[in-house]
2 protein chains.
Amino acid sequence: MAQPSDGIEPVPSSRGVTLNDVATAAGVTLGTASKALNGRGKLSAETRERVRTEAKRLGFRFRELKQEEASSSGLLIGVLTTDIYGRFSLPLLTSIEDSFGSIPISAVLCTSRDQEREQQHIDLLLSRGVDGIIVTARREDVRQPINVGRTPVPVVYAFTQVADANALCILPDEIQGTRLAIEHLIQTGRRRFAHITGPSYFEAVRLREQSMRQVLAEHDLRLSEHQALSGPWQESWGYTAARYLFDQDSSIDAIFCGSDQLARGACDALRERGIRVPEDVAVVGYDNWEPIACASRPTLTTIDMNFAQIGRYAGESLQALIAGEVRSGVVRLPCSLIVRESSIANEAERR
Amino acid sequence: MAQPSDGIEPVPSSRGVTLNDVATAAGVTLGTASKALNGRGKLSAETRERVRTEAKRLGFRFRELKQEEASSSGLLIGVLTTDIYGRFSLPLLTSIEDSFGSIPISAVLCTSRDQEREQQHIDLLLSRGVDGIIVTARREDVRQPINVGRTPVPVVYAFTQVADANALCILPDEIQGTRLAIEHLIQTGRRRFAHITGPSYFEAVRLREQSMRQVLAEHDLRLSEHQALSGPWQESWGYTAARYLFDQDSSIDAIFCGSDQLARGACDALRERGIRVPEDVAVVGYDNWEPIACASRPTLTTIDMNFAQIGRYAGESLQALIAGEVRSGVVRLPCSLIVRESSIANEAERR
């Protein structure tokens, strides 16, 4: 059933003309232009016609919907994921739907346990007239592009990426997220850093460590070889790694962790040794996974990858692609710093 | 768009004759009989015809598939959920798919954030020819039946239930699960029990406490009023409740908790007081949610609601309903006891 990847028909090109240009020419908002071209939502026949006329005049190509599609009860968006725990995929589902505003849409999640199962999901979705596909994952690393055969169904990659310059991939900005964490620690007076993280075959692990070293260097600080420990994504690793770090060097005053689970394990180890967090050592996690970050004692300052923002951007991009616009490349969206108790002792400073 | 619920056309009745009877009469397995009647999967034309002839002879009604359906690339099963964290729904997705064996199928998850959104998902799925719907939730309590209008699309409720005798609802057996936990504690010598649990407006909370009291009574033991504490589903509540219990009565030797998060919070509180788990007090959780149960110190003995089993049963039932069989009522499937460190000190006893 699989097609060779060179059998994929490219989305018709409208390079140079954007949906925005069409909206401006027709004197309508971007959302109205999108609705007019994709045939969904409530619009007057006059507005729809005006937008379509301008699009044709400008050479902006869009899909002419069949009557049957236009009269259907909404758009079907398939979301493929390898994240079987749903921590990363479920927040995307709701924000993808939100991005379509009042256009009726169902974002449906399929679990890609293996390549064969994934292709089966894609074939089934195509056979049921799926309007767009978003591919996501439990990790951001490069994967194979999916194969939609000769169909023009648009695809967006979110929280994962492919080595294809024509694909659109939306990722959290790990470099910027790490910068937020490290600059926060420096600004609150920390100087002697350690790093506890996950396996280095994750791209995110490598990007975060690289960014951490970069920001420290900008402040004439450094992370010594003995103070960056990489291991499994488990609380017990955070616990063990923190004990090891303090066996070697009790002067450490800040630990940046690659996940909230690692940070929580580190906090437990420090508390047991009578080392106070954050008075003696500040700890910052990553993920803002609330069942862990808020149950940790102290609660964790952490980096939020803003999955809702990634989902909204993916949904908006898919809408543009459905309308015929061309979008490609890797887009990295900013992370946020969530300050809780583990990095700043003083309540006033935290504000 | 919503129809009154009395407008729902019932699935044609074949009461008395089961798919099993058809399989036996045709000399094939249940799976083969199902494939023959639903027109999917690989079967010889001769076998398919023999099963269909026997079904008609026995008066077993099945849906005659249109050619277009039979030639499609698989079954589309919609899974509606109110569980936006995916802890309960994602394990169901994969096990539903597994239950269909070699029949190509995609189980797709939609999040029902509110009634309007849920109806939109249902209408969209129906418009794309969904073959069956499984409704699930983040809690087991009674909900409104979904409205599939006048379509014959079969519906199964899993980890949720409706007040409709014609519906099929599949739930974990909370009474039996709690019995496993309490009998385990009694068998390992515990006599003075406490209970820390979630809000009592959850049916599961009421069933577990009722079962706990019943099992204790059978052993001439009791749970006093002061030793059953109900609060939010949060680790911090487990922590606070355990401290409160031991402020009142330091002779408690077993705490049964309504979730692993509550149990983990309780273990942390006891450790800080110098009370050893399990030597002084045994703790048993509920859920077998591994990021919590395995990160707890000590690791948690807990009750597993066996979502994979519930998913398989839901998938098999849907297959039978698609083939025309009638199934209804509330089915409660057994839970399992997972023994880790928090209930038995001695490694040998744990085996």
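**Entry 1: ground rules**

I noted that this is a predicted model, in which local features need pLDDT of at least 70 and side-chain atom pairs count only at pLDDT 80 or more, while totals for chains, interfaces and linings use all residues. Residues are numbered from 1 along each chain as its sequence is written, chains are lettered from A and ligands numbered from 1 in the order in which they are written, and side-chain values use heavy atoms, with hydrogens and water left out.

**Entry 2: chain A as a whole**

I found 13 helices and 14 strands in chain A; helices (H or I, at least four residues) and strands (E, at least two) are DSSP runs, numbered from the N terminus. Of the 351 residues in chain A, 58% are buried, where buried means under 20% relative accessible area, exposed over 50%, and partly exposed in between, with a 1.4 Å probe and protein chains only. I also looked at contacts (heavy atoms within 4.5 Å), and among those in chain A with a separation of 6 or more, 71% join residues 24 or more positions apart.

**Entry 3: backbone angles and cis bonds**

I kept in mind that most residues other than glycine have a negative phi, and that most peptide bonds are trans. Asp220(A) has a positive phi near 55° although this residue is not a glycine, and Asp220(A) counts as exposed because its relative accessibility is 74%. In chain B, Asn288(B) also has a positive phi, of about 50°, and lies in the loop between strand E11 (282–286) and H11. Is Asn288(B) buried or exposed? With a relative accessible area of 12%, Asn288(B) is buried.

I then turned to the cis peptide bonds. One joins Val277(A) and Pro278(A), with omega about 5°, and Pro278(A) belongs to the loop between H10 and strand E11 (282–286) of chain A. Another joins Arg297(B) and Pro298(B), with omega about -5°, and Pro298(B) is in the loop between helix H11 (290–293) and strand E12 (301–304) of chain B.

**Entry 4: one helix of chain A**

Helix H12 (residues 307–322) of chain A has 16 residues and spans 22 Å from its first C-alpha to its last, close to the expected 22 Å, the expected span being 1.5 Å times one less than the number of residues. The buried residues of H12(A) include Phe307(A), Ile310(A), Leu318(A) and Ile322(A). Just after H12(A), Gly324(A) has a positive phi of about 110°.

**Entry 5: helix pairs**

I looked up how helix H1 (residues 19–26) of chain A packs with helix H3 (residues 45–58) of chain A, and their axes are 9 Å apart at an angle of about 125°. Here axes are lines fitted to C-alpha atoms, for helices over the stretch in contact, and angles run from 0 to 180 degrees between N-to-C directions. That makes H1(A) oblique to H3(A), since angles under 35 degrees count as roughly parallel, over 145 as roughly antiparallel, 65 to 115 as roughly perpendicular and the rest as oblique. The contact involves Asp21(A), Val22(A), Ala25(A) and Ala26(A) of H1(A), with residues of H3(A) including Arg50(A) and Leu58(A).

Among the residues in the contact are Trp237(A) and Phe246(A) of H9(A), and Leu262(A) and Leu270(A) of H10(A).

**Entry 6: two buried residues of chain B**

Leu207(B) lies in helix H8 (residues 203–218) of chain B and is buried, with a relative accessible area of 16%. What does Leu207(B) touch, not counting residues up to four places away in sequence? Leu207(B) touches Glu174(B), Ile175(B) and Arg332(B). Leu207(B) and Glu174(B) are 33 residues apart in sequence, and their C-alpha atoms are 6.3 Å apart in space.

Glu118(B), in helix H6 (residues 115–127) of chain B, counts as buried because its relative accessibility is 8%. Leaving aside neighbours within four places in sequence, I found Glu118(B) in contact with Leu80(B), Ser112(B), Arg143(B) and Ile146(B).
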